[in-house]
Each structure stands twice: as structure tokens, then as C-alpha cells.
Amino acid sequence: MASTASEIIAFMVSVSGWVLVSSTLPTDYWRVSTIDGTVITTATYWANLWKTCVTDSTGVSNCKDFPSMLALDGYIQACRGLMIAAVSLGFFGSIFALFGMKCTKVGGSDKAKAKIACLAGIVFILSGLCSMTGCSLYANKITTEFFDPLYVEQKYELGAALFIGWAGASLCIIGGVIFCFSISDNNKTPRMGYAYNGATSVMSSRTKYHGGEDFKTTNPSKQFDKNAYV
């Protein structure tokens, strides 16, 4: 029961992290910058992995998609690849987890299901590491430009999508670790039950065998007792 409960908790935590990581790709605010007037905010600049936009004080947004993938900066291409890899690994990790959990009817024996659950944990950990690396790489670029006194272009701050990505990556890693540790519980339970049942069956067979010998040896003595010839 303990291993089943831990697998269910790991599955919920890992899938929640994967959903958060997936939601960061279409999220707008990866980096954000505002220009404040005397009374209200006059303009808000924000960008993500696919486009850069500006929103004026009336709420009207003007966006511009990145013109060419090959002309992009290297860190944006790397973040795109890492985040897409994280989403893909999380999807396959969810499939493996469904086959490896003890509460499901598919996946084979308990030993095979334990191996599949451990594989799901490793995939979730890789998904979390990819997301963590992608968000950290993007954040490092923002902070480097912000604190550089020689950088004269528009400076940005960390957006909400980065914090969502970090939270989702942490959940994926935690859930994957729980899945990996659940294999030890799954391996211990069948072995203990088999040893106990085997010992019981051997003792019962020995008792029956010795009882049969006693019955056979005592019967001839009763038939050939000396009182039978009197």
C-alpha cells in the first residue's frame, strides 16, 4: 500500500509539473519592461520565445514575430529546443508511468512494472532538467544585459513564464525521484511473500510425509501382536 500511494503521489506531482512546463511555451511574458509616465504606465514591452510585443496605455498591443529561425540569437534557439524536449519527455514519462504503476492493470508482472516505473522517473527527471536549463539560460541572458552598464538598448526583467517553468521543472524532478525510489519497495514485497509461502509449504509437506510413515509403521505392529496367536 505504501508503494502504491507513493506512485500515485509521484504521478500527480510529475504530471502537474509537466503541465506547468507545457504552459510556458505559449506564455507571453518571458521578459518584460515598462516605461512609466508621471501618472500611468505609458508602454509595456514584453517578449517570449516566438515574438516581441509592445502594449500602450490604452491596452493595444503591437507584436512582431521573429523573422527567421536561423537569424535568431543562439540562446533563444537553445531555449526553444530545451523546452520542446522537456514537453516531449514529459509526455512519454506520463505514458510510462501509467504502465508502471501498480494500481493499473497493464504492464505485466510486478517486477516488470517496477522497471517501467523507474524508467518513467528517469524520463521525468530529464524533462525537469531540460526545462530548468532552458529557463535558467534565458534568465541568465536577461540579468547579464540588465546589470551591464555598457548595454544601451532596452533592458528587460524576468517574466512570469520563467518562474512557472522553474516551478514545473522542480515538480518533475521531485516526482521522478519518487518514482525511482518506489522500485525498491516493489522489489521487496514479492520476495518476502515468496519466502514465507515456500517455508510454509515445505513444513506442511514434511509433516504429512512423517505422519504417513508413522501410520505405516504402526499398523504392522498391531496386526502381528502376540495376543493375536492366543
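Which residues form a nonpolar patch on the surface? I looked there first. The patch is made of Phe 91, Phe 92, Ile 95, Leu 98, Phe 99 and Val 106, with about 520 Å² of accessible area together. Patch members have over 30% relative accessible area and no salt bridge, and nonpolar side chains (Val, Leu, Ile, Met, Phe, Trp, Tyr) are joined within 5 Å. A salt bridge is a side-chain nitrogen of Lys or Arg within 4 Å of a carboxyl oxygen of Asp or Glu. Areas are Shrake-Rupley values with a 1.4 Å probe.

Basis: I worked on a predicted model, where local features need pLDDT of at least 70, side-chain atom pairs count only at pLDDT 80 or more, and totals for chains, interfaces and linings use all residues. Residues are numbered from 1 along each chain as its sequence is written, and side-chain values use heavy atoms, without hydrogens and water.

Next, Phe 99. I found Phe 99 in helix α2, residues 74-100. Phe 99 is partly exposed at 38% relative accessible area (buried is under 20%, exposed over 50%, partly exposed in between).

Then the whole chain. I noted 4 helices and 5 strands (DSSP runs: H or I of at least four residues, E of at least two). Their order from the N terminus is α-β-β-β-β-α-α-β-α. Of the 230 residues, 30% are buried.

Last, the record. The unreviewed UniProt entry annotates residues 7-25, 82-104, 116-139 and 159-183 as "transmembrane region"; such annotations may be inferred rather than shown by experiment. I checked residues 116-139: 100% helix, with end C-alpha atoms 35 Å apart. Residues 7-25 are 95% helix, and their end C-alpha atoms lie 28 Å apart.

Note on methods. Patch = residues over 30% accessible without salt bridge, like charges linked within 9 Å, V, L, I, M, F, W, Y side chains within 5 Å. Buried < 20%, exposed > 50% of the residue type's maximum accessible area, 1.4 Å probe, protein only.
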